[in-house]
Amino acid sequence: MVTFKAGVPIEVEGIRIDYLSPTALGSHLEAALASAPKSLGLSVVPIEVLVYMKLVARRRKDLQDVVELLRAGADAKRVREYLQKHAPDHLETFEELYQESLE
């Protein structure tokens, strides 16, 4: 879960919630959040946006999450297209993780 409100650390039922600034991550993220559908009152971003956010975070767990998302069937082509348009500097890392997901 990700929140954009100040007050870190935030936990819900013992689960840590990351604090991110949509402005710092680009206007494309703000647009994705504005148009994201809601589930139980929470915005649900498209998989390519989630992968982007995990690539930006660069924590080992986030990078492993990308591998697992790909193994679970995330559309690598859609993610590539999103990164090419909005964050080409993350493409190389994504491709490495994509290759790892094939192993």
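A charge sits over a ring if NZ of Lys or CZ of Arg is within 6 Å of the ring centre and within 35 degrees of the ring normal. In this predicted model, R80 and Y98 make such an arrangement, with the charged end of R80 placed 4.7 Å from the centre of the Y98 ring. The structure contains 8 salt bridges and 1 aromatic pair. Its largest nonpolar core has 21 residues.

- The charged end of R80 lies over the ring of Y98.
- E95 counts as partly exposed because its relative accessibility is 26%.

**The salt-bridge network**
- Side chains of opposite charge can pair when their charged atoms come close.
- A network of salt bridges links K54, R59, K61, D62 and D65.
- D62 pairs with R59, and their closest N and O atoms are 2.5 Å apart.
- D62 has 5% relative accessibility, so D62 counts as buried.
- R59 has 35% relative accessibility, so R59 counts as partly exposed.
- D65 pairs with K61, and here the closest N and O atoms are 2.6 Å apart.
- D65 and K61 are separated by about one helical turn because they lie 4 residues apart in helix 3 (residues 60–71).
- D65 counts as buried at 16% relative accessibility, whereas K61 is exposed at 58%.

**The nonpolar core**
- Within the largest nonpolar core, the residues with the most contacts are L55, V66, L83 and F94.
- Helix 1 (27–34), helix 2 (47–57), helix 3, helix 4 and helix 5 each give two or more residues to this core.
- Helix 2 gives the most, with 5 residues.
- Which residues does V66 contact, leaving aside its neighbours within four places in sequence? They are V51, K54, L55, F94 and L97.
- Among these contacts of V66, L55 and F94 are also listed with the most contacts inside the core.
- K54, another contact of V66, belongs to the salt-bridge network as well.

Terms used: Residues numbered from 1 in each chain as written. Predicted model: local features only at pLDDT ≥ 70, side-chain atom pairs only at ≥ 80, totals over all residues. Heavy atoms only, no water. Phe/Tyr/Trp six-rings, centres within 6.5 Å; stacked < 30°, edge-to-face > 60°. Salt bridge = Lys/Arg side-chain N within 4 Å of Asp/Glu carboxyl O. Buried < 20%, exposed > 50% of the residue type's maximum accessible area, 1.4 Å probe, protein only. Core = buried A, V, L, I, M, F, W, Y, C linked by side-chain atoms within 4.5 Å. Contact = heavy atoms within 4.5 Å.
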